[in-house]
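Hi,

Here is the structure I promised to pass on. Have a look at it first, and then read my notes below.

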Amino acid sequence: MSDLKQAIQREYLKCASDPVHFMRKYCTIQHPTKGKVKFDLYPFQEKCLTEFKDNRYNIILKARQLGISTLSAGYSLWLMLFHNDKNILVIATGKETAKNLVTKVRVMYEGMPQWLKTGTEEINKLSLRFKNGSQIKAIASNESAGRSEALSLLIIDEAAFIDRIDTIWTAAQQTLSTGGGCIALSTPNGVGNWFHKQWLGAEEGTNQFNTIKLHWTDHPERDQVWRDEQDKILGPSQAAQECDTDFLSSGQSVVDPAILQWYKDEMAEAPIEEVGIDRGMWVWRQPDYTKEYIVVADVARGDGTDFSACQVFEVEDMEQCAEYKGQLSTTDYGNFLIEVATKYNDALLVVENNNIGWATIQTIIDRGYKNLFYQSKDLQVVDTEHNITNKYRAQDRNMVPGFSTTAKTRPLAIAKMEEYTREKLVKLHSNRLIDELFVFIYKTGVTQSKAEAMQGYNDDLVMSYSIALWVRDTALRLQKDKNDQQWAVMNTMLKSNGNKSEHAAGFGVGSTGNQKNPYEMDIGTGEKEDLTWLIK
């Protein structure tokens, strides 16, 4: 064997055993300003490659522009060249992002010396297949991504921003069970999502992921001047997300994650009991018969993708006493809500009346629950003075049972929730609710942003919580003001009739045997109306 062939053989074997040597010496990348250049690895990138080689599952929490996607492309090429029948799948937020990683693999392969190449059978924008049976393919994220693929390596790019990634991961797990690995990389995007949970699980040792954290300071060519410039370019919030690898300072959560973490650490409690067939009713405080309560319920759509939820709060201190999350039928849910509201001192029962909620409300009406919330049909953005909390002459007063979540009332309820939670005016005990709040974010649309759960998550507990705060701070507060005013009117009337006996004033039976009611008044139509309900 000639000296040249021996040298090539030695070099080939060295490349096959060491991805760092292979990439540093033979991989070409497309630099944004310099064109095609050798991939001159930084020390933190070399360390990452070693971690990739030594660990099946790697999760990377990274700052922006550290070349980790490019590094993953080079590692994929190394696997494909020096191992037969490797099947690599790249999943990203969109097809273009996924395609970019395959393009990087192709650029690296095309720039290598001929003696390293193995020959291609298929090459296009979304896939590359070698004659040794190894291949890489890129797809956009969807619920079937990774299903039925026998994967050697799954690369999930910007994992914190992929919709329905929980479902994707569950499907992919089956295909990795025979020895495949995973590289999940992302900048942070708030807390409570799949990427955040996997990172926490890896830190706690409850899953298989090896953690790799890459702060902006890991890049040797960046300093505080660069970081300050990012604040100017991206804005402080976006720069924190892109540079600081801090889950709490990233994302677009409606409620500040730092506040939610405080609730998690200081207020959350295990329920004292979990009741019901599905154990979905969590109880923290039993009813105190000297206090008033409000029960607010959100009814599931019925398609199996969301849940019915209700919150029980003590009105004065706004302490969470109980919470339900489950999938009861509309009739069973109505009966269940009556039981809960009755138990908590005949609490004000507020049921969202959108769509299927009417069936649950009808069950409550049919059973004659006396403290069901009614709302004006003509409710405007800030017109809360027409809210009432019982059925008295509801038809005459143009009232409908339940709470109407509309484009006008929904933002008001969410704003009230954010305010109360931010100011720590509510005593929250439910980890389920706090977890939902972590993934309750502002989603930017074409014309405006909307607050809702991240894709693949639910916000049923959040909405029932929000409605509870809004009703408490509007209708109930207004009702209390009316009660105080009415008591003042009644006291004035009683004083003006001071010469009459207590019985004759309507608190007993007078000499004529007729009982009079001082709360019965002429309302201007020639008929009298009993206004006792106003002060109950």
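**What I found**

Of the protein's 536 residues, 50% count as buried (under 20% relative accessible area, with exposed over 50% and partly exposed in between, using a 1.4 Å probe and protein chains only). Keep in mind that this is a predicted model, where local features need pLDDT of at least 70, side-chain atom pairs count only at pLDDT 80 or more, and totals for chains, interfaces and linings use all residues. Residues are numbered from 1 along each chain as its sequence is written, and side-chain values use heavy atoms, leaving out hydrogens and water.

The protein has 16 helices and 22 strands (DSSP runs numbered from the N terminus: helices are H or I with at least four residues, strands are E with at least two).

Now find helix H12, residues 357–366: its buried residues are Gly357, Thr360, Ile361, Thr363 and Ile364. Looking down the axis of H12, these fall within an arc of 155°, so they line one face of the helix (the arc is taken from the directions from the helix axis to the C-beta atoms). They pack against helix H11 (330–343), strand E16 (348–351) and strand E18 (399–401), with contact meaning heavy atoms within 4.5 Å. After H12 comes Gly368, with a positive phi near 70°.

On the H4 side, the contact includes Ser69, Leu77 and Leu81, and on the H5 side Leu101, Lys104 and Tyr109 are among the residues.

Cheers
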